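Q: Could you take me through this model feature by feature, giving the general idea before the particular case?

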Amino acid sequence: MKSTIWSSIRHYLFRCLQKKNGCEHSSEKLKNDSSFDPVIYSLESPKFHKFVLNGSNLFKGWVFYFGDKKVNQIYVYADAKPLGSCEVNLARYDVATHVPSLPAVENCGFEISVECKESYKKIIFYIKYHDNTKELFFEYDVQFIKRMSYEMSICSNNLDKLKMPDGPTVKLTQGHDNVEEYFNSILPSVLAIKDYLSFSGVGIEKANNLLDFGCGSGRILKGWYACHPEINLYGCDYNSHLVKWIKNNLPERISVFENDLTPPLDCPSSNFDLIYLISVFTHLTLDNQKRWIKEFERILRPDGILLVSLHGEFYVRNAFFHHPEKLQLFRDQGFTTTNNEGLEGSNSFGTFHSLSFAVQLFEKFELLGFFPQGNLPDRRRVFHVALSQDIYVFKLKKNSSIQHNMVAEQA
Ligand SMILES: C[S@@+](CC[C@H](N)C(=O)[O-])C[C@H]1O[C@@H](n2cnc3c(N)ncnc32)[C@H](O)[C@@H]1O
């Protein structure tokens, strides 16, 4: 079994090295299976589709260093020209409640208004620490936004016509009840998923039938609906309230159904080209994950793609900051859970996976892409699909699906 995992990882590293996109950097990190970026952040505005090409933009969000450094300031440049700086000191108790071990997180918010021009190539953000050291934070690609502005305005108009859930319904899946943040996260999430697929060598044009497993109130399905009329959209969730909300409020083209906590799904075999799970296995026991993986092998077509978000290094270090024995268990086994007090399937029950454990778990799949903390091989992404969760892109190995179908037919 072990040799299969390592050959899978080796194969993945080899593929990375073949690419000219700077993947070497991440492959170095992958070798010891402990890639960890201590810079944890979220840029809440402006999302790409809200960016003003010529005029003032308010850059607002939060950032902290998970370790013994403190982020004090942010410096902004357009290409090489300085545009301004701001302190990182605004109160963010909403973020701090999730990171109780670090007092600095209470004041990790920032806001800076920046005058922008469409001629800029990139707006570049740096962070400065308490010890005056500086590092590149991320780059906001103005030319990408310019190129995409027509497409994004169509998506944005389509999205504006869809209903959004109220605060309490948002809270059921997002851990916050901010409807505006929920709405603004939709298009960046679709862009992020497309990026992860494309960096893994998968084109979205191959996805005729897409399943959003654990779709909640259809947050990401709304984005596909607004931007990709050619894709057949399916979603399922075991929370009947959320499924009902979608059925009552979203267009019929978004086809949703309720499922049980465990398989099967009421779907034919080899039905989907792409299945993705955003923050779902992060709340399911290992036994149920294994059951669902078998079901995905059945309902994916041979060569079908599975994109999964999992809690990795940041989440495990944060959850077990005061429990080194639990952290050690994770180091030894590659998997652990929060104490089983939380209700399975809900945000109060958490699971944590290392890269090698995940590769072993999805043994009938080939790992096409691994994006630690949701970042790209050579840079931090401006927007993530699931905060700092690790993103995996797997491809079903051809024989797995066929064998599984044969077993299903014989049964
Ligand atoms: C953190 S929320 C994420 C929702 C959505 N994927 C998103 O990104 O907005 C997790 C979702 O998974 C659903 N879920 C948990 N266990 C499930 C299961 N066994 N089958 C289907 N859905 C499940 C929950 O009801 C919830 O809607």
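A: Let us begin with the overall organisation and bear in mind that this is a predicted model.

Q: How many helices and strands does the protein chain have, and what share of its residues counts as buried?

A: The protein chain holds 14 helices and 16 strands, and of its 411 residues 40% count as buried.

Q: How should I read a helix, and which residues of α10 are buried?

A: An α-helix has 3.6 residues a turn, so residues three or four places apart point the same way. Helix α10 covers residues 286-299, and its 14 residues should span 20 Å at 1.5 Å a residue, which agrees with the 20 Å between its end C-alpha atoms. Its buried residues are Gln289, Trp292, Ile293, Phe296, Glu297, Arg298 and Ile299.

Q: Where does the chain go from β11 through α10, and what is the hand of that crossover?

A: Start with the strands themselves: β11 (residues 272-277) and β12 run parallel and are joined by five bridges, with Leu274 having Ile305 as its bridge partner in β12. The chain passes from β11 through α10 to β12, and this β-α-β crossover is right-handed.

Q: How many residues of strand β12 are buried, and in what sense does β12 pair with β16?

A: Eight of the 11 residues of β12 (residues 300-310) are buried, so the strand is largely enclosed by the rest of the structure. With β16 (residues 390-396), β12 pairs in the antiparallel sense over six bridges; Ile305 has Lys395 as its bridge partner there, and Val308 stands opposite Tyr392.

Q: Why is β16 described as largely enclosed, and which residue of β16 is the bridge partner of Leu367?

A: The burial count gives the reason, because six of the seven residues of β16 are buried. Strand β15 (residues 365-371) also pairs with β16, in the antiparallel sense and over six bridges, and the partner of Leu367 in β16 is Phe394.

Note on methods. Residues are numbered from 1 along each chain as its sequence is written. This is a predicted model: local features need pLDDT of at least 70, side-chain atom pairs count only at pLDDT 80 or more; totals for chains, interfaces and linings use all residues. Helices (H or I, at least four residues) and strands (E, at least two) are DSSP runs, numbered from the N terminus. A residue is buried if 20 or more other C-beta atoms lie within 10 Å of its own, exposed if 12 or fewer, and partly exposed in between; C-beta atoms are placed from the backbone. The expected span of a helix is 1.5 Å times one less than its number of residues. Two strands pair if DSSP finds at least two bridges between them. A crossover is right-handed if, with the strands pointing away from the viewer, the path from the first strand over the helix to the second runs clockwise.
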